Amino acid sequence: KAELKIWTSLFILFPPPPAKGGISVTTEDLECLDTGKFLNDVIIDFYFKYLILERAPKEIAERSHVFSSFFYKRLNWKDSVSKGHRRHQRVKTWTRNVDIFRKDYLFIPVNQEAHWYLVVICFPGLEKPQLMQWIDPAVLKMSAVESGFESQASDGLSPIGITCEEDGQERLAGKPCILIMDSLKLSAHERVFKLLREYLEVEWEVRRGTPRDFTPETMSGSHCNVPLQDNSSDCGLYLLQYAESFLENPVVHFDLPLHLEDWFPQQTVRRKREEIRDLILSLYSKQLLGVHSPESITLLPIEDCLLSGG
């Protein structure tokens with residue numbers, strides 16, 4: 001039977017073993033949830049992991065991939081030879097277990113100059129936009145009931161990525177694009193678009209063995225109009241709320257730029273520090289009280305709680 005040891009400077013590993021890729025959260029990390037403090041990379045990575053494993057609808061989670069908060073920092077590392085293949089070499093092992101071109105959405109948390117913002121790459125596997133005839137959900141459901149079979153699309157919701165237009169015309173079902181959601185709109189982020197297109201280009205060549213051009217025409221970049229922060233410290237919270245709102249209800253049209261100013265009320269973000277803190281404390285209590293088997297309880301000294309890329 002495993003012996004449970006507790007240190008005052010440690011917390012949890014989520015998800016707990018035997019699951020792989022757990023994020024270590026310590027009491028020091030918890031302190032950054034205090035009012036006025038900046039979220040650190042551990043809290044960002046932990047909450048993303050929680051969203052994908054526990055909150056997002058399964059069918060959306062399976063079609064999404066979240067990069068570590070260190071990914072863009074590593075990709076953007078400056079040296080004397082900063083070419084596309086050299087940059088890709090730094091992060092090529094980070095996708096060894098996933099084919100990102102089979103995913104609909106890639107989430108990349110970015111921290112630049114002590115400011116967090118979110119990048120979402122949509123439909124990287126599509127080489128051109130796809131069109132689909134829109135079908136009224138009520139008609140679809142009636143047809144399914146009459147045939148004795150109700151499909152997953154008969155719940156009144158349109159399939160992921162389809163614009164809900166009632167004029168019977170073809171609409172975009174998926175458009176390759178890079179979306180930036182920034183609660184401060186600090187810059188145009190042109191370098192971000194450029195580096196990510198270069199990365200996708202080399203990753204495609206490595207994965208598919210054939211060349212493909214990712215250009216502004218084939219993989220457009222766009223700044224979304226999103227709710228903005230009203231202070232200097234909540235950028236990480238807004239990043240997480242953008243991701244949570246997107247995963248709960250993915251954008252179903254791609255008329256860029258996206259106008260999401262009313263995506264969620266500001267109060268939702270103001271509550272988020274407390275909600276994340278309560279979540280971590282709840283997970284800690286469950287592990288401590290033995291909701292998981294003793295073998296699954298993993299509490300590590302802070303000096304052992306180091307994140308690694310991949």
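**Close-up views of a predicted model**

**View 1. Helices α5 and α7 cross.** The axes of α5 and helix α7 (residues 190–208) cross at roughly 75° and come within 9 Å. Axes here are lines fitted to C-alpha atoms, for helices over the stretch in contact, and angles run from 0 to 180 degrees between N-to-C directions. That makes α5 roughly perpendicular to α7, a label for angles of 65 to 115 degrees (under 35 is roughly parallel, over 145 roughly antiparallel, the rest oblique). From α5, the residues G84, H85, R87, H88 and V91 meet R191, L195, E198, Y199, V202, E203, E205 and V206 in α7; contact means heavy atoms within 4.5 Å. The residues of this contact divide into 5 nonpolar, 3 polar and 5 charged. Ala, Val, Leu, Ile, Met, Phe, Trp, Tyr, Cys and Pro count as nonpolar, Asp, Glu, Lys and Arg as charged, and the others, Gly among them, as polar. This is a predicted model, in which local features need pLDDT of at least 70 and side-chain atom pairs count only at pLDDT 80 or more, while totals for chains, interfaces and linings use all residues. Residues are numbered from 1 along each chain as its sequence is written, and side-chain values use heavy atoms, with hydrogens and water left out.

View 2. N76 lies in the loop between α4 (71–75) and α5 (84–91). Helices (H or I, at least four residues) and strands (E, at least two) are DSSP runs, numbered from the N terminus. At 13% relative accessibility, N76 counts as buried. Buried means under 20% relative accessible area, exposed over 50%, and partly exposed in between (1.4 Å probe, protein chains only). Leaving aside residues up to four places away in sequence, N76 touches R90, Q112, R191 and L195. K73 has its place in helix α4 and is partly exposed, with a relative accessible area of 44%. From K73 to Q112 the separation is 39 residues in sequence and 8.3 Å in space, C-alpha to C-alpha.

**View 3. A sheet of 5 strands.** The sheet is open, with the order β3-β4-β5-β8-β9 and mixed pairing. β3 (64–66) and β9 stand at the edges with a single partner strand each, so one side of each is left without a neighbour in the sheet. Neighbouring strands are turned by 20° against each other on average, direction ignored. Two strands pair if DSSP finds at least two bridges between them. Strand β4 (residues 105–112) runs antiparallel to β5, and 8 bridges join the two; Y105 has C122 in β5 as its bridge partner. α8 packs on the sheet and touches β3, β4, β5 and β8, and the direction of α8 makes about 20° with that of β5.

**View 4. Strand β8 and its partners.** β8 (residues 177–181) is mostly covered, with 5 of its 5 residues buried. C177, L179 and M181 point one way from β8, I178 and I180 point the other way, and all are buried. With strand β5 (residues 115–122), β8 pairs in the antiparallel sense over 5 bridges, and L179 is the bridge partner of V120. With strand β9 (residues 220–223), β8 pairs in the parallel sense over 4 bridges; here I180 stands opposite H223.

**View 5. The largest nonpolar core.** This core has 53 residues, and those with the most contacts inside it are F46 and I280. A nonpolar core is a set of buried Ala, Val, Leu, Ile, Met, Phe, Trp, Tyr and Cys residues joined through side-chain atoms within 4.5 Å. Helix α8 (residues 235–248) gives the most to this core, with 9 residues. Not counting residues up to four places away in sequence, F46 touches I12, F14, I23, V25, I276, L279, I280 and L283. Apart from this core lies another, of 26 residues, among them F71, L75, F101 and Y199.

**View 6. Helices α8 and α10 pack together.** α8 and helix α10 (residues 272–288) have their axes 10 Å apart and pack at an angle of about 75°. They are therefore roughly perpendicular to each other. L237, L240, Q241 and E244 in α8 meet K272, R273 and I276 in α10. The contact is made up of 3 nonpolar, 1 polar and 3 charged residues.
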